[in-house]
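I opened my notebook to write down what I looked up in this model. Here are my entries, in the order I made them.

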Amino acid sequence: MSHLLNLIEALGAHVNRLLARLGLFARFSWSVLSVIGICIARFTLLVREIYFSGVRSLAIITVSGLFVGMVLAVQGYEVLQRFGSAESLGSLVALSLVRELGPVVAALLFAGRASSAVTAEIGLMRATEQLAAMDMMAINPLARIIAPRFMAAVVSMPILAVIFSSAGVIGAYLIGVQLIGIDDGAFWSQMQASVDFRIDVLNGLFKSLIFGIAVGLISVFEGYHAAPTAEGVSSATTRTVVTSSLSVLMLDFVLTVWMFRGLN
Amino acid sequence: MNRSKFDLAVGLFVALGMIGVAFMALRVGNLASFDSGAGYRLEARFDNIGGLKVRAPVKSAGVVVGRIEGIHLDRESYEAVVEMRIYPQYRFTNDTIASILTSGLLGEQYLSLEVGGDPSYLTDGQRIPKTQSAMVLEKLIGQFLYNKASESAGSSK
């Protein structure tokens, strides 16, 4: 009997911890969002963070996009040519990239490449008490350290997603048209007939903006609240990647259902 | 690395993003050919529109001359009302026939306009009087079976 009670107690403690962390996250997010104005006013800080988060992720995003597009072209062609509609390859690749793969895979790569680094950096600042020292010097670490890193993710993510999608379309073009030999004109015209700028491209950009906000907030939150030990920083980095990836995938489902509910 | 180098790299990064959006808009998407503001509106009524959808192309002789803007059911006559926007450079005669066709065996459905010989042209908001509904495969098969059955019934007498 007492064994069962212990079990229920453990469950309750777990749920309470989860709720407390969620509340902490909400309050932290609010305080980050309220200093964004200061962050934008100090533009050079933001530019520096965009360089480290966004520009340095360019290589991995471009190469991954190219390969994802090439794989889509090979696999898509395999299925489509059975139905004698290999020309639809363009629209298949472009729609899947622009609507889903571009924003989602770019966000997952960004979480692994840049957000983990941001968490580790902030976590180490916390561990070596640099954040506390700043507070002592009357510099708000939220405005000076946290907000620029968050904004860098928000700004970089849509750009990276667009670059990922473009690289993917080019990769599909290289494989589909240059290698397999689908007609050039049919490839592009089928693509243009099915991809709508407002419904597909702008919705994809909006998605990646939401992902940027989510991933950015999670990475700075985990770093800021990391336990000030080596182990704490490492587990915070792990949590950033896991939580960001999961929330990107879940948000993607919710956004997709919401955006494309009225179509077809 | 000094400040101007950061600025240069981020500037290039943002410019690359803009090029990507332009590529999406012009090469991948159909922003260049689809500007919903321009052109004039026409309306056509059908008994059955099959699988025609909003944003489907309106074609004449195979050339895209407009897009479907709205589809709804008339509440009195129970006809499907299809609203379309035609690009301003094209004009169609009063006796134009609108029919719903399919591009290829499995392709999407589109609205086809065939021009007649009438000297006057349709203007904004007017209705295309002559229409031909979409072919529904089940009805065609049903009709075919019915004809076959009545044929064999006639021959057995």
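**Two crossing helices**

I began with a crossing: H4(A) passes H5(A) in a right-handed way. For handedness I used this rule: a crossing is left-handed if the near helix is turned anticlockwise from the far one by less than a right angle, and right-handed if clockwise. The axes of H4(A) and H5(A) come within 10 Å and cross at roughly 145 degrees. Axes here are lines fitted to C-alpha atoms, for helices over the stretch in contact, with angles running from 0 to 180 degrees between N-to-C directions.

I then listed who meets whom. From H4(A) the residues include A:Ile61, A:Val68, A:Leu72 and A:Tyr77, and from H5(A) they include A:Leu92, A:Leu97, A:Val105 and A:Arg113. By class, this contact of H4(A) with H5(A) has 15 nonpolar, 4 polar and 1 charged residues. Ala, Val, Leu, Ile, Met, Phe, Trp, Tyr, Cys and Pro count as nonpolar, Asp, Glu, Lys and Arg as charged, and the others, Gly among them, as polar. Contact means that the C-beta atoms of two residues, placed from the backbone, lie within 7 Å.

**Ground rules**

I noted that this is a predicted model, where local features need pLDDT of at least 70, side-chain atom pairs count only at pLDDT 80 or more, and totals for chains, interfaces and linings use all residues. Residues are numbered from 1 along each chain as its sequence is written, while chains are lettered from A and ligands numbered from 1 in the order in which they are written.

**Chain A as a whole**

I counted elements next: chain A has 10 helices and 0 strands. Helices (H or I, at least four residues) and strands (E, at least two) are DSSP runs, numbered from the N terminus. The C-alpha atoms of chain A fill a box of roughly 65 × 60 × 35 Å along the principal axes. Of its 264 residues, 45% count as buried. A residue is buried if 20 or more other C-beta atoms lie within 10 Å of its own, exposed if 12 or fewer, and partly exposed in between, with C-beta atoms placed from the backbone. I also saw that residues 24 or more positions apart account for 87% of the chain A contacts with a separation of 6 or more.

**Back to H4(A)**

How many residues does H4 of chain A have? It covers residues 58–80, so to speak 23 residues, and reaches 32 Å from its first C-alpha to its last, close to the 33 Å expected at 1.5 Å a residue. The expected span is 1.5 Å times one less than the number of residues. Among the buried residues of H4(A) I found A:Gly65, A:Leu66, A:Gly69 and A:Ala73. What covers the buried residues of H4(A) includes H5 (89–127) and H7 (141–180) of chain A.

I picked A:Ala167, which is found in H7 of chain A. Why does A:Ala167 count as buried? A:Ala167 has 23 C-beta neighbours inside 10 Å, so it counts as buried. Not counting residues up to four places away in sequence, A:Ala167 touches A:Thr62, A:Gly65, A:Leu66 and A:Gly69.

**H5(A) with H8(A)**

H5(A) and H8 (residues 184–194) of chain A pack at an angle of about 45 degrees, with their axes 7 Å apart. That makes H5(A) oblique to H8(A). For the angle words, under 35 degrees is roughly parallel, over 145 roughly antiparallel, 65 to 115 roughly perpendicular and the rest oblique. The crossing of H5(A) and H8(A) is right-handed. The contact residues of H5(A) with H8(A) split into 7 nonpolar, 4 polar and no charged.

**H10(A)**

H10 (residues 230–259) of chain A has 30 residues and spans 42 Å from first C-alpha to last, close to the expected 44 Å. Its buried residues pack against H5 and H9 (197–224) of chain A.

A:Ala138 has a positive phi of about 60 degrees although it is not a glycine. A:Ala138 lies in the loop between H6 (130–136) and H7 of chain A, and with 6 C-beta neighbours inside 10 Å it counts as exposed.

With 17 C-beta neighbours inside 10 Å, B:Glu69 counts as partly exposed.

Last, 21 residues of chain B are in contact with 27 residues of chain A. The chain B side of that contact divides into 13 nonpolar, 4 polar and 4 charged.
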